[in-house]
Amino acid sequence: MNKIGIIGKPLSHTLSPEIHNSAINYFNLDLIFEKWELEKVNLKQFFSEAIKKNILGGCITIPHKENVLEFFNDYDDSVKRIGAANWFKIENNKIKGFNTDFKGFERCIPITLLRNIPEKKCIVFGAGGSSKAVVEALYINKAKNITIVNRTIEKAKSISDKYKNIEIKVAELYSPETLKNEIENADLIINTTSVGMSSGPDPKGNLIGGYNLKKNVTGIDLVYSPSRTPFLKTISHFDGTVVDGVEMLIYQAQIGFEILTEKKCPVEIMKTALKLN
Ligand code: ATR
C-alpha cells in the first residue's frame, strides 16, 4: 500500500497522524500514514529507500526542515526562497521539497494585524527552519520592524543577511537588558523554538516570562503540545491575542496534503479529528 508520513524527532507529541488520517478517511483513500522518527544520520538511507518503499511523500518537522534539503532532487519556489522544507513529494522517481509553513503562518496572523503589519514591531524567537518561513511571510507582507532573537546569534544573522532592502535586527536570547526594550514594545511575538513543547528540551520554559508586554500584543506559538504553552499564558496575562500552534499545524497540513493527493480537505474535518470543534 502507498504510504505518507512524518519525519522528525521527537515525534511522541505529533498530532499529524490524526490530522492526515482524518483526511485519508474523508476521501476514502488507499493510503497509510506512518511516523518516521529519525536522527539526522539516518536521513540519507531513508530517502535512498523511500521510492522502493512506496512512499508518496510526507511532512517534515523539528529538527529536520533544513537537514532534508540535500536529499531532494528538486525544490518548489517557496523552498528556494526560504531555505527550508516541511513537505516532500516523490513523483517520477524524483524527490521534491515544498514549504507550506509560510502560507500556514500567514493565515494565522489576525487579519487586522496583517493589514497593518508595516507599522508593527515583530519579534521572532528562534532561527531554525520554521523561523525562516515566518520571517519570509512577515517580509512579503511588508513588515519593516523585525527582530530575530536566538540562542545562537550567528543563525539569526544569517537569516537577517538574506534580506538586503530592510534591516532585520538580531538579538541574543540570554541578554535580558537588550531584549527588554524590544519585547516590551512588540506588537507581534512569535515563538518558533521548541521551548515550552511538552516533549522538547525545556517544557516549562517561557521566553517572554518576566517582561511587561504591551496590552494589545499578539502572540503566536508554533508549539502545539500543550495547546496553552507558558508563552501563550503570558500573552493572555497581558490581555493579548493568542494564536496557538494547532492553527498553523492544520493550515500547513491542509496545503501539504493537497500537494500530495491533489485533494483539499476542509479544515473542519482536520480540526474535528483533534476534537477541537
Ligand atoms: P525547526 O526546523 O522546526 O525550526 P530547528 O531548525 O531545530 O527546528 O530550530 C529550533 C530552534 O529552537 C532554534 O532556533 C534553536 O536555537 P539554536 O539555533 O540556538 O539551536 C531553538 N531552541 C531549541 N531548543 C532551545 C532551548 N532550550 N532554548 C532556546 N532555544 C532553543
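Predicted model: local features only at pLDDT ≥ 70, side-chain atom pairs only at ≥ 80, totals over all residues.

Reader: Okay, and is Ser 225 buried or exposed?

Author: Ser 225 has a relative accessible area of 17%, so it is buried; buried means under 20% relative accessible area, exposed over 50%, and partly exposed in between (1.4 Å probe, protein chains only).

Reader: What is Ser 225 in contact with, leaving aside its neighbours within four places in sequence?

Author: With those neighbours set aside, Ser 225 touches His 13, Gly 196, Met 197 and Ser 198, contact being heavy atoms within 4.5 Å.

Reader: Switching to the ligand, how many residues surround it?

Author: The ligand is surrounded by 19 residues, and the closest are Ser 130, Asn 150, Arg 151, Thr 152 and Lys 155; a residue is counted here if one of its heavy atoms lies within 4 Å of the ligand. That shell divides into 7 nonpolar, 8 polar and 4 charged residues, with Ala, Val, Leu, Ile, Met, Phe, Trp, Tyr, Cys and Pro taken as nonpolar, Asp, Glu, Lys and Arg as charged, and the others, Gly among them, as polar.

Reader: Which side chain has an N or O atom 2.4 Å from an oxygen atom of the ligand?

Author: That side chain belongs to Thr 152. From the backbone, a polar atom of Ala 127 is 2.9 Å from a ligand oxygen, and an N or O atom of Gly 129 lies 3.0 Å from an oxygen atom of the ligand. Taken alone the ligand exposes 650 Å², of which the protein buries 87%, with areas from the Shrake-Rupley method and a 1.4 Å probe.

Reader: New topic: how many aromatic pairs does a search of the whole structure find?

Author: The search finds 12 of them, where rings of Phe, Tyr and Trp (its six-membered ring) pair if their centres lie within 6.5 Å, and planes under 30 degrees apart count as stacked, over 60 as edge-to-face and the rest as tilted. Phe 47 and Phe 72, for example, form an edge-to-face pair, 5.6 Å centre to centre and with 85° between the planes.

Reader: Which parts does the pair of Phe 47 and Phe 72 tie together?

Author: Phe 47 lies in helix α2 (residues 43-50) and Phe 72 in the loop between β3 and β4 (74-75), so the pair joins parts that are 25 residues apart in sequence. Both Phe 47 and Phe 72 are buried. Phe 72 also pairs with Tyr 75, and that pair is tilted because the ring centres are 6.3 Å apart with the planes at 50°. Tyr 75, at 27% relative accessibility, counts as partly exposed.

Reader: And which residues do ring pairs link into a cluster?

Author: The cluster linked by ring pairs is made of Trp 36, Phe 46, Phe 47, Phe 71, Phe 72, Tyr 75 and Phe 88.

Methods
Residues numbered from 1 in each chain as written. Heavy atoms only, no water. Polar contact = N/O pair within 3.5 Å; in protein donor to acceptor, adjacent residues only side chain to side chain. Helix = DSSP H or I, 4+ residues; strand = E, 2+ residues; numbered from the N terminus.
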